[in-house]
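I opened my notebook to look up a few things in this structure. My entries follow in the order I made them.

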Amino acid sequence: MSAARQLSLEVNGKRHNLQLDIRTTLLDALREHADLPGTKKGCDQGQCGACTVHVDGERVLSCLTLAAQVEGRQVTTIEGLQTADGVMHAVQTAFIEHDAFQCGYCTPGQIMSAIACIREGHAGTDDDIREYMSGNICRCGAYPHIVAAVRDAASRLKTERAL
Amino acid sequence: MRPFDYLRAQDTAAAIAEAGKPETKFLAGGITLLDLMKLNVERPARVVDITRLSGLDTIEVSADVIRIGALAKMSKVADHAGVREAAPVLSESLWRAASAQLRNMASIGGNLMQRTRCTYFRDPGAYSNCNKRNPGSGCAAIEGINRNHAVLGTSDACIAIYPGDFAVSLVAFDADVLVRGTVARRIPIDEFYLLPGQTPHLEHPLSPGEMIVGIEIPRSAALKRSHYLKVRDRASYEFAAASAAVGIEMEADGRTIRDVRIAVGGVATKPWRLRAVEASLKGKTLDESTLRAAAAAAVEGAKSSGHNAFKIALVPKVVARALMTVGDIS
């Protein structure tokens with residue numbers, strides 16, 4: 001075993017002081033040590049997108065990130081989207097309204113990715129959404145509904161910003 | 001995963017000094033390194049995290065060159081307005097690679113060091129024989145499932161493909177890799193990738209402790225009129241079945257080719273420049289039949305291992321289509 005190291009991670013605005021083997025990925029740190037199992041482990045090889053989280057506001061894969069690498073950075077997971085009074089993020093609402101999942105395992109990653117996709121300005125057309133959401137695999141094949149949800153959320157967020 | 005010591009480098013000099021020690025690897029985006037560490041292909045004793053080094057993530061487009069820092073993220077370079085204007089092929093080869101998440105993580109320096117996706121190389125548990133992993137142990141791919149293996153630049157020791165996209169465009173446009181160790185030096189990108197020959201475990205001419213600090217691409221008219229065509233098994237988030245980085249410059253008459261650059265990816269053991277095809281096109285009139293005739297020579301010397309024969313048929317079509325796109329021939 002590598003020596004355990006004291007790491008301080010900031011996740012969803014809350015500080016977690018964790019004693020971790022240096023080999024621990026951000027994904028395992030979240031799920032196994034920070035009591036945040038919303039982020040899912042699919043392939044654990046950077047090929048499926050189920051483990052997508054935001055680091056300093058950008059979408060990344062937590063399975064190919066060492067927990068040590070995000071010290072001093074802001075991590076956001078699916079658990080951090082809801083407001084304090086329980087209001088869901090517009091993308092979460094859109095996924096429910098459009099039935100954009102079947103088994104739901106890839107959904108947290110899809111939602112984290114979709115929020116970034118919209119913020120990056122890559123949700124203007126269905127082709128754009130398909131291209132810039134391609135890093136999130138859905139084995140149930142809910143893709144048409146996922147595209148619809150992202151498109152709808154993008155236009156709602158645009159309207160909200162305009163108001 | 002083998003246990004390792006993790007160090008966070010405070011400056012470039014310290015990182016280089018640390019990396020000169022045995023069994024040490026630089027960690028940037030982690031895409032290749034952590035993936036291969038999980039698979040027990042990479043087994044460093046020490047990992048030097050260079051992601052917090054300052055001043056290595058800049059992107060500069062000057063009158064003569066484009067200079068990109070080694071720690072610039074793929075997504076930032078792909079989206080950079082100056083790069084897109086001066087060098088469409090660089091932007092296109094980046095955003096057609098990997099996924100949005102991986103492009104946010106992956107650094108340009110790490111991208112150059114991306115290792116092969118050969119399934120036998122990646123699976124030491126099942127296949128002990130891999131000349132890249134264990135020199136002299138043989139090659140499981142040559143007699144194995146080799147649909148995604150190289151047809152150009154191969155040897156009887158290794159047929160593993162260089163899988164990247166960005167380096168293909170760099171090779172087409174004569175980039176230099178800027179390296180710092182005990183001295184600073186620049187390596188022409190074509191020499192930065194070694195042919196497997198009998199030593200497939202040697203992939204780059206880097207010495208221990210040398211660090212990629214950036215790349216420099218000379219600007220040209222052909223670079224401004226350039227394109228990256230990537231053909232693959234699915235529409236996105238997939239390695240190339242065959243790809244072409246091309247650029248063209250026309251004479252004042254608008255019909256005669258003055259300069260043309262072509263390199264192909266997804267088919268060779270290194271990013272593969274097609275100098276003979278380029279030479280055969282210079283001074284010729286730009287039309288479809290000329291392009292198709294010249295592109296036929298793209299696979300000269302190609303060798304099939306069985307399942308990958310389709311690549312030999314595919315490459316000339318990809319080269320011709322990419323050139324027709326930059327040449328505005330529909």
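I began with the domains of chain B: domain 1 covers 5–49 and domain 2 covers 221–326. Such bounds come from an automatic or database domain assignment. I then looked up the centres of domain 1 and domain 2 of chain B, which lie 36 Å apart, taken over C-alpha atoms.

I noted that this is a predicted model, where local features need pLDDT of at least 70, side-chain atom pairs count only at pLDDT 80 or more, and totals for chains, interfaces and linings use all residues. Residues are numbered from 1 along each chain as its sequence is written, while chains are lettered from A and ligands numbered from 1 in the order in which they are written.

Next I checked where the chains meet. The contact takes 23 residues from chain A and 19 residues from chain B. Residues are in contact if their C-beta atoms, placed from the backbone, lie within 7 Å. On the side of chain B that touches chain A, α6(B) gives the largest share, 5 residues. I sorted that side of chain B into 10 nonpolar, 6 polar and 3 charged residues. Nonpolar means Ala, Val, Leu, Ile, Met, Phe, Trp, Tyr, Cys and Pro; charged means Asp, Glu, Lys and Arg; the others, Gly among them, are polar.

Last, I looked at two helices (DSSP runs of H or I, at least four residues, numbered from the N terminus). The crossing of α2(A) and α3(A) is right-handed, meaning that the near helix is turned clockwise from the far one by less than a right angle. From α2(A), Val91(A), Gln92(A) and Phe95(A) make the contact with Thr107(A), Ile111(A), Ala114(A) and Ile115(A) of α3(A).

Conventions:
Two residues are in contact if their C-beta atoms, placed from the backbone, lie within 7 Å.
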